[in-house]
Amino acid sequence: MSFEFKTIIEPFRIKSVEPVRLTTEEERRQAVSAAHYNLFALHSRDVLIDLLTDSGTGAMSSAQWSGIMRGDESYAGSESFIRFEEVVKELTGFRHVIPTHQGRAAERILCGEVVRSGDTVPNNNHFDTTRANVEHGGAEALDLVIEEGRSPEVVHPFKGNMDIEKLEGVIRERGRERIPFVMTTVTNNAGGGQPVSMANLRLVREVCDRHQVPFFLDACRFAENAWFIKLREEGYAEVHPRDIAREMFSLADGATFSAKKDGLSNIGGFLAMNEDDLAARCRNNLILTEGFPTYGGLAGYDLEAIAVGLTEVTDEDYLRYRVRSVEYLWEKIDSAGVPTLRPPGGHAVYIDAKALLPHIAQSQYPAHSLAVALYVTGGIRSVEIGSVMFGKELPGGGEEPAPMELVRLAIPRRVYTQSHIDYVSEVVTAVAGQARSLTGYRITEQAPTLRHFTTKFEPAA
Ligand code: F0G
């Protein structure tokens, strides 16, 4: 007789441990004040559970570490590159694979080669670096996610989908020659780590074909997206996530990729595409800025770690555990009555700070206030995805707030255990119970772009 067990366990055991440091609330209060209330400015030794990002923070497997010993550090023609390229080609099917030191370098090279002033780049939602790279080229970064994807409380199985009618409209109105490429981000990080359906990717492909506009994926979390397709889209329940991922890539002309997410690696990325001329230009740009095309700003051992990571990440036991463990945290927070973005995403739980802190005006950054409180109360570092990250300064003074005020609890891959996650939900519940006592913040210093990394704050009077 065989049993169906409910508990989905971590499909690994721990070979090496890294201590975390417990601090007192008073110590954390001092640390965050010294950091000008910017969690990016904290020292990691003052953080107990670090949910700032799932990027580059994962634990590598023993197979990855042994791959690292195989790293071939030859400047040109490295064996490690050949292994890396083979895995990326097998997965994506793209003809040209250009390694980069991380995702934003791939974005910079692509945008640098094709984006011109006055252009428009449509995406479901640009992530911050993608937006900044598009805007740096003088173009407009346009977010065209479906209406459901704009409201935290609305449930939809593929809330990351592109609004196809709007996409068609934008291309018609602005002219295909002003659209250097269309991008879809899988999963849609800025919109809550929400997946995009295969059907939607197919429709984007059709629109791009009709107008002869190239279609690129921002594929950082392609494996989590593939798992959601398997769980939620008709016809995919029996398909292996790797085959789903291959089909996703087959619908695009190219991809930018940060190996720090679903590459299960601490650094790295790539730009891949089919078009020969563009690839040649991008490679020249790479040589100028990142390195020779067989290492692209990475060590040979990084290429090995990514090659192994890209093989491990589509394992069904891994993906089942990964997506379920994020959902587990979400269920606990949700059942405590804390407003969240629903359903939970693939890599993170997003708390809806606008709903939790209606007494803090958006001009005083409610999501930022919540993120600071989670740190002070429980040593948890999260990230604000709201008006600090995406607010726009208006020409006459003041700011246009972001559409959503979210606090993202991003879960590093294979790092924290269930008791860490239970602790996180306890802290979130305790802070939410004191929501009324939280107050807003004021910016005292900021940078012209990507300001959230370095902004200084003080508590509003
Ligand atoms: N695209 C998406 C959707 C991302 O989430 C990120 C990074 C990038 C591109 C850039 O990749 O960091 O390797 O240069 N996101 C991280 C995060 C930083 O915390 O979500 P990168």
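Predicted model: local features only at pLDDT ≥ 70, side-chain atom pairs only at ≥ 80, totals over all residues.

- Side chain of Q102: one of its N or O atoms sits 2.9 Å from a ligand oxygen.
- Backbone of G103: a polar atom here is 2.8 Å from an oxygen of the ligand.
- Side chain of N189: an N or O atom lies 2.8 Å from a ligand oxygen.

With those still on screen, show the protein surface. How much of the ligand's accessible area does the protein cover? The ligand has 470 Å² on its own, and the protein covers 94% of that.

Time for the pockets. For the largest pocket, centre your view on E18, G58, A59, R414 and V415, which lie nearest its centre among the 37 lining residues. The space in there comes to about 1,400 Å³. Colour the lining by class and you'll see 16 nonpolar, eleven polar and ten charged residues. Then colour by domain: domain 1 (25-54 + 315-459) and domain 2 (62-312) each put at least three residues into this lining.

Last stop, the second largest pocket, with about 940 Å³ of space. Select R131, M389, F390, G391 and K392, the closest to its centre out of 37 lining residues. By class, this lining splits into 17 nonpolar, ten polar and ten charged residues.

Switch to cartoon view and pick out α5 (128-136), β4 (140-143), α15 (387-390) and β12 (392-393), each of which supplies at least two residues of the lining. Which of these gives the most? Highlight α5, with five residues in the lining of the second largest pocket.

Keep the domain colours on for one more question: where does the second largest pocket lie relative to domain 1 and domain 2? Both domain 1 (25-54 + 315-459) and domain 2 (62-312) give residues to its lining, so the pocket lies between them.

Terms used. Residues numbered from 1 in each chain as written. Heavy atoms only, no water. Polar contact = N/O pair within 3.5 Å; in protein donor to acceptor, adjacent residues only side chain to side chain. Areas by Shrake-Rupley, 256 points an atom, 1.4 Å probe, with all protein chains shown as cover. 1 Å grid on protein atoms, 1.4 Å probe; cavity = no way out; pocket = protein on both sides within 12 Å on 5 of 7 lines; lining within 4 Å. Points joined across faces, edges and corners; volume = space filled by probe spheres on them. Nonpolar A, V, L, I, M, F, W, Y, C, P; charged D, E, K, R; others polar. Domains from an automatic or database assignment. Helix = DSSP H or I, 4+ residues; strand = E, 2+ residues; numbered from the N terminus.
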